[in-house]
Amino acid sequence: MEIVETINDALIFIDGYLGSAGYFPYLLIGVGVFFTLYLGFPQIRYFGQATRIVRGQYAKKDSPGDTSHFQALTTALSGTVGTGNIGGVALAIFIGGPAALFWMWVTAFFGMTTKFVEVTLSHKYREKTEDGTMAGGPMYFMEKKLNMKWLAVLFAMATIISSIGSGNMPQINNIAEVMNSTFHIEKWVTGGVLAVLLALVIIGGIKRIAKVAEKVVPFMAVIYVLGALLVIAYNYQNILPSFQAIFGSIFSGSSAVGGFLGASFAYAMDRGVNRGLFSNEAGQGSAAIAHSAAKGKEPASEGMVSLLEPFIDTIIICTLTGLVILSSGVWSEKHFNKFDRSDMEFVVGDYTDANDEHVKKLMIHLDEKRSVPSEIKPFTGTISLQEGKVISDGFTLLNARSIAEEVTYLDSEGNPLTGEIPVSEGRLEDTSITVQGKSLIHSANLTALAFTKGYMGESGKYIVSLGLLLFAFTTAIAWSYYGDRASIYLFGPKAVMPYRVAFVALFFLGAIVDSTVVWTLAYVTVALMTIPNLIGITLLHKDMKNTVKDYWKNFKQDQAD
């Protein structure tokens with residue numbers, strides 16, 4: 001466990017200069033704002049045209065490519081609609097408070113334009129591979145148009161890493177967590193079964209992936225949306241207060257509500273923007289790889305199709321998830337759960353939620369973007385236990401951004417502990433000890449709990465379990481394609497099979513490793529793709545504008561003929 005914590009700390013350090021750096025939200029949203037103004041709000045003006053294109057209204061049989069517009073859209077959606085919509089929204093609210101949902105909306109709205117741009121340029125500069133299939137993505141326009149081979153290589157390498165760090169391991173990790181908590185299925189069993197199914201699908205390449213995506217994604221999206229609406233309708237009296245909480249905490253930061261220890265404005269923005277990016281991938285350049293396989297002669301037409309993705313993914317599905325969590329009230333309530341080691345911290349002093357001064361100090365301590373130093377110090381010493389209960393004082397156990405209550409300590413066989421246990425720098429030294437009690441919960445488990453607070457009762461959690469299973473599994477399928485296209489770009493067609501084998505093996509591993517490390521890795525790898533991509537599309541802004549003009553010129557001529 002010490003190795004795991006060391007890795008996690010290293011990743012957090014790296015992430016501090018990438019996705020969690022102060023400049024990153026402004027860079028991501030800023031590029032979207034620039035293109036929105038530069039191209040005249042295409043996410044609004046071209047929305048109707050996008051829906052007509054995806055329905056096949058202007059499709060031509062002789063167009064080059066491997067998939068239809070609808071298949072490209074569902075394949076890209078399968079890569080985005082996953083843990084970010086279910087566990088990611090819950091994590092954003094858990095860390096950044098209700099205001100995080102607002103920043104997800106902002107990211108999605110301007111991200112519609114960003115995705116329009118990156119997909120158009122990637123489709124325009126795609127290439128046909130040795131096996132006759134199309135290969136495209138930001139690495140191709142970086143090399144062919146910008147003559148920046150080094151940037152293309154950096155992006156392709158980041159894509160391979162990100163396919164593991166965000167499109168693979170977090171997906172199966174969340175699936176395994178929820179299947180274990182809902183159906184009590186061992187994590188390694190879930191990982192093993194789904195790893196075999198994953199291998200069977202990705203061997204067939206983009207055409208098989210597209211066929212799976214176009215059937216699974218629409219079906220599960222409808223089921224999930226209906227389930228969410230039932231919960232929101234049941235808690236209808238909390239809909240308006242939920243929006244008040246979202247907008248009321250945007251600039252003031254989130255105040256402590258119930259067991260929730262709020263976050264600053266900067267932290268809420270950071271988590272909202274990052275989770276929005278992780279969910280809809282606008283700016284990351286990943287979906288552009290899937291859309292590059294679509295049939296069509298006009299790059300801008302495929303770009304228009306892609307602008308629908310952030311709208312469906314974030315403005316619809318993520319919003320519904322957020323409203324389910326907020327309207328049900330579970331986000332600010334403490335619930336019985338087994339504590340993850342990475343969520344726990346023992347601090348010096350006796351603190352309580354009932355004391356406003358204590359709450360203020362804890363909020364500062366937990367805010368990683370705090371502007372003032374924390375007065376709270378990690379606890380080092382021993383804890384005395386009697387039948388699993390603490391009989392000593394001088395410390396407080398924090399778990400999942402809340403003061404833990406009704407805590408019990410168990411040995412490796414599940415028996416209550418009696419005696420003394422050592423704590424060093426806020427962490428338990430004995431990693432075999434299980435700690436359980438009441439605290440806040442987060443990620444997919446929070447969403448699953450929220451879905452039980454409606455007309456469906458306890459059965460509501462099965463929608464989350466099924467949704468997570470299908471959404472996250474198809475996300476992994478799509479990301480395997482992104483990674484193998486990047487492998488072809490870097491190493492040629494012979495690299496595809498070794499990559500797929502490694503992808504499947506790491507998919508299984510992701511089911512059983514520490515979830516905190518997995519999510520931290522995801523933050524790092526997403527930023528490693530996004531930054532080079534944003535640089536590339538910004539440099540090609542004139543090319544983009546000319547491509548759009550050419551599209552409308554050709555479109556009007558085709559309609560006249």
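At what angle do helix H5 (residues 69-80) and H20 pack, and how far apart are their axes? Some notes on that and a few other spots.

1. This is a predicted model, with local features needing pLDDT of at least 70, side-chain atom pairs counting only at pLDDT 80 or more, and totals for chains, interfaces and linings using all residues. Residues are numbered from 1 along each chain as its sequence is written, and side-chain values use heavy atoms, with hydrogens and water left out.

2. H5 and H20 pack at about 110°, their axes 6 Å apart. So H5 is roughly perpendicular to H20 (65 to 115 degrees counts as that). Helices here are DSSP runs of H or I, at least four residues, and strands are E runs of at least two; axes are lines fitted to C-alpha atoms over the stretch in contact, with angles from 0 to 180 degrees between N-to-C directions.

3. Who meets whom? On the H5 side, Thr75, Ala76, Ser78, Gly79 and Thr80; on the H20 side, Phe471, Thr474, Thr475, Ala478, Trp479 and Tyr482. Contact means heavy atoms within 4.5 Å.

4. Tyr482 turns up again in the largest nonpolar core: of its 128 residues, Tyr482 and Leu198 touch the most other members. H20 (residues 460-491) gives the most to this core, 14 residues. Such a core is a set of buried Ala, Val, Leu, Ile, Met, Phe, Trp, Tyr and Cys residues joined through side-chain atoms within 4.5 Å, buried being under 20% relative accessible area (1.4 Å probe, protein chains only).

5. Asp353 sits in the loop between strand S4 (344-348) and helix H18 (356-366). Its C-alpha is 8.5 Å from that of Ser402, 49 residues away along the chain.

Definitions and conventions:
Buried means under 20% relative accessible area, exposed over 50%, partly exposed in between (1.4 Å probe, protein chains only). Angles under 35 degrees count as roughly parallel, over 145 as roughly antiparallel, 65 to 115 as roughly perpendicular and the rest as oblique.
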